[in-house]
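Biologist: I am new to this structure. Could you show me how to read it, one feature at a time?

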Amino acid sequence: MATAAAVKLPDLPYEYSALEPYISGAIMEIHHSKHHAAYVTNLNKALEQQEEATAKGDISKLITLQGAIKFNGGGHVNHDMFWKNLTPHKDYTPPSGELKAAIESQWKTLDNFTAKFNASTAAVQGSGWGWLGYNKATGCLEIATTANQDPLAISGLVPLLGVDVWEHAYYLQYKNVRMSYLDAIWKVVNWKDAEARLAAAKK
């Protein structure tokens, strides 16, 4: 039995080579066509099994599937956002509007913010993500990290910007020097996308 609406691998909004020299085309191709594609494939398998288990009333099976759904679903959701959070350097523009104001209010300068973000994200043990999130309860921005493929939403924050620090995101180019990757990625961050996410979160 197939799921009613299978999850699909999204197309990138730019060519694999578009983020060079900051992120190589080889990394982008493997990251998107292999790693993200695997999350999509495995998520669809888990959702199909969930549908079958639901039809059979197999509660035990439903429970055992939750880990695969969280991991692969998180991998899909996180990467779907990650691609949109990036843009070719020629199209880069710094933060503006409410997002710029919020960053400067909390961290004084963009450089201070990126330094704090990089320090927090570089410290992720093993694999995970660094995030800029919006706390609806306080109206403030927050820097956060999650392990593995856990999406930021499980913490209660609205994700505005996510940076993948699994080794597959940078190892071919930056080897084991995660901080060099983090320093470089700000050259291709799509602040317009983050600004749109903040505006939507405030509605």
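Biologist: Start with strand pairing. Which residue in β2 is the bridge partner of Leu 132?

Modeller: This is a predicted model, so take every value as computed from it. The partner of Leu 132 is Ile 143 in β2. That bridge belongs to a set: 8 bridges join β1 to β2, and the two strands run antiparallel.

Biologist: How many residues lie between β1 and β2 in the hairpin?

Modeller: The hairpin has 4 residues between its strands. Look at Gly 139 in the turn: its phi is positive, at about 75°.

Biologist: What does β1, residues 128-135, pair with over 6 bridges?

Modeller: With β3, again in the antiparallel sense. One example is Trp 129, whose bridge partner in β3 is Asp 164.

Biologist: In what order do the 3 strands of the open sheet stand?

Modeller: The order is β2-β1-β3, with antiparallel pairing. β2 (140-147) and β3 (158-164) each have a single partner strand, so they are the edges, and one side of each lacks a neighbour in the sheet. From one strand to the next, the twist averages 25°.

Biologist: Which strands does helix α2 lie across?

Modeller: Helix α2, residues 59-84, lies across β1 and β3. Its direction makes about 85° with β3. Helix α7, residues 191-201, lies across β1, β2 and β3. Its angle to β3 is about 150°.

Biologist: Now a single helix. Why does the end-to-end distance of α1 agree with its residue count?

Modeller: First the general idea. An α-helix has 3.6 residues a turn, so residues three or four places apart point the same way. Now the case here. Helix α1 covers residues 25-56, which is 32 residues. At 1.5 Å a residue it should span 46 Å, and its end C-alpha atoms are 45 Å apart, so the two agree.

Biologist: Where does α1 bend?

Modeller: At His 31, by about 30°.

Biologist: Last, helix packing. At roughly what angle do the axes of α1 and α2 cross?

Modeller: In general, two packed helices are described by the angle between their axes and the distance between the axes. Here the axes of α1 and α2 cross at roughly 145° and come within 8 Å. The crossing is left-handed. The residues of this contact divide into 15 nonpolar, 13 polar and 2 charged.

Terms used: Residues are numbered from 1 along each chain as its sequence is written. This is a predicted model: local features need pLDDT of at least 70, side-chain atom pairs count only at pLDDT 80 or more; totals for chains, interfaces and linings use all residues. Side-chain values use heavy atoms; hydrogens and water are left out. The expected span of a helix is 1.5 Å times one less than its number of residues. The bend at a residue is the angle between axes fitted to the seven residues ending there and the seven starting there. Two strands pair if DSSP finds at least two bridges between them. Axes are lines fitted to C-alpha atoms, for helices over the stretch in contact, and angles run from 0 to 180 degrees between N-to-C directions. Contact means heavy atoms within 4.5 Å. A crossing is left-handed if the near helix is turned anticlockwise from the far one by less than a right angle, and right-handed if clockwise. Ala, Val, Leu, Ile, Met, Phe, Trp, Tyr, Cys and Pro count as nonpolar, Asp, Glu, Lys and Arg as charged, and the others, Gly among them, as polar.
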